[in-house]
Protein chains: 2
Amino acid sequence: MKPVSRWLQAFGAALARNDIDAAARLFEADGYWRDLVAFTWNIKTCEGQAEIKAMLAATLSHVNPSSWAIHGSPVTIEGLTEGWFSFETAVGRGIGHLRLKGRKCWTLLTALQELKGYEEKSGPTREAGVEHGALVDRRSWLERRQEEAAALGTTRQPYCVIVGGGQGGIALAARLKRLNVPAIVVEKNARAGDSWRKRYRSLCLHDPVWYDHMPYLPFPEHWPVFSPKDRIGDWLEMYVNVMELDYWSSTECTAAKWDEKAEEWEVFLQRNNREITVRAKQLVLATGMSGFPNMPEIPGTESFKGTLVHSSRHDGGAAWSGRRCVVLGSNNSAHDIAADLWEQGASSVTMIQRSPTVVVRSELLMELAWGKLYSEAAVRAGITTELADLTVASVPFRLLPALQKPIYDEIRRRDAGLYEGLEKAGFLFHMGEDGSGLHSIYLRRGAGYYIDVGASQMVIDGRIKLKSGVEVDALKENSVLLSDGTELPADLVVCATGYGSMNQWAAQLISQQAADRVGKCWGLGSGTKYDPGPWAGELRNMWKPTQVPALWFHGGNLMQSRHYSLYLALQLKARMEGIPTPVYYLEPVHHLK
Amino acid sequence: MKPVSRWLQAFGAALARNDIDAAARLFEADGYWRDLVAFTWNIKTCEGQAEIKAMLAATLSHVNPSSWAIHGSPVTIEGLTEGWFSFETAVGRGIGHLRLKGRKCWTLLTALQELKGYEEKSGPTREAGVEHGALVDRRSWLERRQEEAAALGTTRQPYCVIVGGGQGGIALAARLKRLNVPAIVVEKNARAGDSWRKRYRSLCLHDPVWYDHMPYLPFPEHWPVFSPKDRIGDWLEMYVNVMELDYWSSTECTAAKWDEKAEEWEVFLQRNNREITVRAKQLVLATGMSGFPNMPEIPGTESFKGTLVHSSRHDGGAAWSGRRCVVLGSNNSAHDIAADLWEQGASSVTMIQRSPTVVVRSELLMELAWGKLYSEAAVRAGITTELADLTVASVPFRLLPALQKPIYDEIRRRDAGLYEGLEKAGFLFHMGEDGSGLHSIYLRRGAGYYIDVGASQMVIDGRIKLKSGVEVDALKENSVLLSDGTELPADLVVCATGYGSMNQWAAQLISQQAADRVGKCWGLGSGTKYDPGPWAGELRNMWKPTQVPALWFHGGNLMQSRHYSLYLALQLKARMEGIPTPVYYLEPVHHLK
């Protein structure tokens, strides 16, 4: 028997006879088991045999796993055997991935894919769309859809309210719609997609098309590699319509209150300037990683006669032709905005860099970091988007830095000239504290990097001026005063200073107490800058149960919005249907922001 | 060597040495060669060796075919071997299909797929979407798109104007956009998709989802089998946006005039009540098979106090609750509308049948007629939409009736009860004059059938009353007078009396002379009712050069709009790029309507 089959059989047998020790012994001493909602009703990585045993002891009896079956052909490279498999639990069906070192498991992924009895209707099970025969008072699709949309939130309360209608809220709502979970997406902008449209004019996605598909409806084959923001905006607006989402645009969530007695949320909305209260069993804050601007408090702001704006409110460079511009920050937005201001004819553009940035040229990132999973070559090799996402998910976060470091070492070598130039220009850069590069720093901080599409060269050759290793001390009437004493004349100051933790939304909408109960969102607890320990092993509070019942956080880039929306949707669906969802290991709160 | 390889090699060799006789001898005496634009710059079936020889004699020297290469694995069933292949011409690349009886070719399809040097950018050749580096005055995608849209038809004339923005015009415009052919679609309705939305409320597509995909952007997996009209409307509207079409809604084409000197069309438009003249080298009438209502002239119309309306203007049954309704006609629309009126509570619904109808239950049509090519099973068997379309295209129209008849014989057997019931009810039905069924009669007449989704049972049990074998003699104040002397009280008379030939649009927009030069559109010349001979072997004037230069007709169901839009687009693109397009065999005109 081949190693993966043998392992799966032994593992399945051990679990079937409830022999937790035997099951744990099938792992390496430092083996990993990452579970997406299948065993733990949580997103949880167990590290080492002890954690695996503890998890099984708490879950095995009710999960009742079975039907472990290999999928496709396992591959062995340099002593590591990898394979896919399927399995069932008492309530659902899952897909899994296995990495064997010799006979023992190094990494295991178990990911719930659907709930028994609540499978999505698709392909052979799709709806007829028409009911044949004679039906008195038949309603057309349009009539039914209009009645349903009008009823939801008025005569019929949704099961779930999703605050925030960017890609995260939209992807989740699409999954919930396919699972028949009544959900309303609340979006303050007038049109779906505006959260992209309203950003700076030169913005294009920094991730390539293969990484960015929405669930159910992939981009067509001619879609450009890097989507311009307005095109993504239009795509999302179209998607909301095609997926028949209950999307309340021009609607702002002003507050949400947990009704202890009814065990549901009262969600207070301002819809087209009318106040509406909606009640829902579950509340998802999908206000986004980039929803809560970090605006630095700069002394002298009130006396500044120029324009001071957060990058999220800055819309483009043409208006600043001939003017003196300062961009505070040195990550993606800062670079994009500085380049755009220069291209549109600003008389000077100065970037103020406070701390080192991970810089990687887009082409190399595509080739070396994403190419195997998200590229035309991957598509041709039969790696579907789902398979790519699950492959990413199969790598425990603990192992990621060591696996990523060689990629960034190689990038450093290949682009030695670029980095030399940046160094000469005084630009502070690194590949992360441990050299693990861009993806790591994104997971740790959600920021801290620039995917270079040309602005680094502009920094090198001085078209974008640079002041690095300084802070802004104050604003004066027509200038920015830096910590090294420099005074920069300025008509515009753009603060590309990033965003706060998503639990700030809980503070604003629910209460500071609720926000503190939830704690910091995002970050792994790596102990690196802005990502304090202890180690969590998963992104804190994302897509999983939080310390506040019935409150969830959803966000991230398009890939994460696509992938994790499935697991969040399954958690919500199970709760709606009354399927028991005992959560294993609710992460304690270590940080409030 | 296997038969298909052997044949292809011999065929390629004969063509390469210009040995037309040898090439023709590789066909059966009654063999067929159907060419879609690859050899003939026409859509043309050559029947028998003589026609094949004549075609080759006229085309071979400039077509210069080469690189014949088998694709996939040919299949032999009951002495018939089928296989796919690719080939090249001097200017393009094609795909082909071959049916061998023994060593000789029974049917050959050659279909141009792309023009060399003008390949669509897709997959590995897709655009970057962003230009890296520093570009002074860079335009964003949105700015470029807006400038382009504003310029087209004002400062920059389109190469092509497409009159009619239903699925036909939209599919063609999408292909032209991907081929960089500037085209404007002119649509009188306010929104793309309105041509569907405005039809009777109960309408759902009669063809299943697998048959109905638009090019480039297939319906998602959960799309219902039979799309409700409003959902198709929304899909088309979305599609126009996503495909970035230059779609002028609320615009009516009032006239078009050929400017001999400039060799281009002057197209007169009423856009949002403003008159605009646009000039274009090519004019496509995509006003649809169902664009020109046939409204019978009924004596006494002026005295009728009820509502008399063509089916295309009738919007639904709810308003007719408690009223007496008469539906003139017995095809799809007539049945759908009659059933809807009954379901919505009309006090009586009477269908007036003038001549026999092909009736087939939807489920059986799906299973027996389309199942092998357009179904979930086909998808699972790896039959892509393109492959299914080309398979359909590979069957010469002459052979179709004999191949179709057994399907309808089987349907007749399987649904004996239904047909017995219809007979008892006095409903006149048949399977076409030669028993070749629904698809045949659609190709011959574009009408004459009902895909039964329940109304036949309503006719059988009398919920829909029937008067068959009669004509309407006159309308009186509150009734319809039939040719058998019956007088039917009526508040509503819906004329589901079909549509005229598309060249009527040429008469209306250009001139009667132009319409007469084009002649009848649609129909094969089968010599059956409404499809007079002589035999044409292809649908008359559809998607191919007509006797009026630079005037084209595009239309048909979603499958035809998808499939033939490619060949029409390639013909237009070649002309725009100045690639020689010598048309072989321009069909003479035999009928004016």
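**Figure 1. Salt bridge between K53(A) and D21(A) in the predicted model.** The side chains of K53(A) and D21(A) meet with an N to O distance of 3.3 Å. K53(A) belongs to helix α3 (residues 48-63) and D21(A) to helix α2 (residues 20-25) of chain A, so the pair ties together parts that are 32 residues apart in sequence. K53(A) is partly exposed, at a relative accessible area of 32%; D21(A) is partly exposed, at 40%.

**Figure 2. Salt bridge between D21(B) and K53(B).** The closest N and O atoms of this pair are 3.3 Å apart. Helix α2 (residues 20-25) of chain B holds D21(B) and helix α3 (residues 48-63) of chain B holds K53(B), so parts 32 residues apart in sequence are tied together. Relative accessibility is 39% for D21(B) and 32% for K53(B).

**Figure 3. Salt bridge between R361(B) and E363(B).** The two side chains meet at 3.5 Å, N to O. R361(B) is partly exposed at 26% relative accessibility, and E363(B) is partly exposed at 38%. Elsewhere, salt bridges that share partners join R139(A), E143(A), E147(A), R201(B) and D340(B) into one network.

**Figure 4. Buried residues of helix α12 (residues 385-393) of chain A.** T385(A), A388(A), D389(A), L390(A), T391(A) and A393(A) are buried. The buried residues of α12(A) pack against elements of chain A including β1 (27-36), β4 (80-88) and α19 (558-576).

**Figure 5. The largest cavity.** This cavity contains about 110 Å³ of space. Of its 15 lining residues, V518(A), N541(A), E587(A), P588(A) and V589(A) are the closest to its centre. The lining comprises five nonpolar, six polar and four charged residues.

How values were computed. Residues are numbered from 1 along each chain as its sequence is written. Chains are lettered from A and ligands numbered from 1 in the order in which they are written. This is a predicted model: local features need pLDDT of at least 70, side-chain atom pairs count only at pLDDT 80 or more; totals for chains, interfaces and linings use all residues. Side-chain values use heavy atoms; hydrogens and water are left out. On a 1 Å grid over the protein atoms alone, a cavity is a set of points where a 1.4 Å probe fits but cannot get out, and a pocket is an open set with protein on both sides within 12 Å along at least five of seven lines; lining residues have an atom within 4 Å of a point. Grid points are joined across faces, edges and corners, and a volume is the space filled by probe spheres set on the points. Ala, Val, Leu, Ile, Met, Phe, Trp, Tyr, Cys and Pro count as nonpolar, Asp, Glu, Lys and Arg as charged, and the others, Gly among them, as polar. Buried means under 20% relative accessible area, exposed over 50%, partly exposed in between (1.4 Å probe, protein chains only). Helices (H or I, at least four residues) and strands (E, at least two) are DSSP runs, numbered from the N terminus. Contact means heavy atoms within 4.5 Å. A salt bridge is a side-chain nitrogen of Lys or Arg within 4 Å of a carboxyl oxygen of Asp or Glu.
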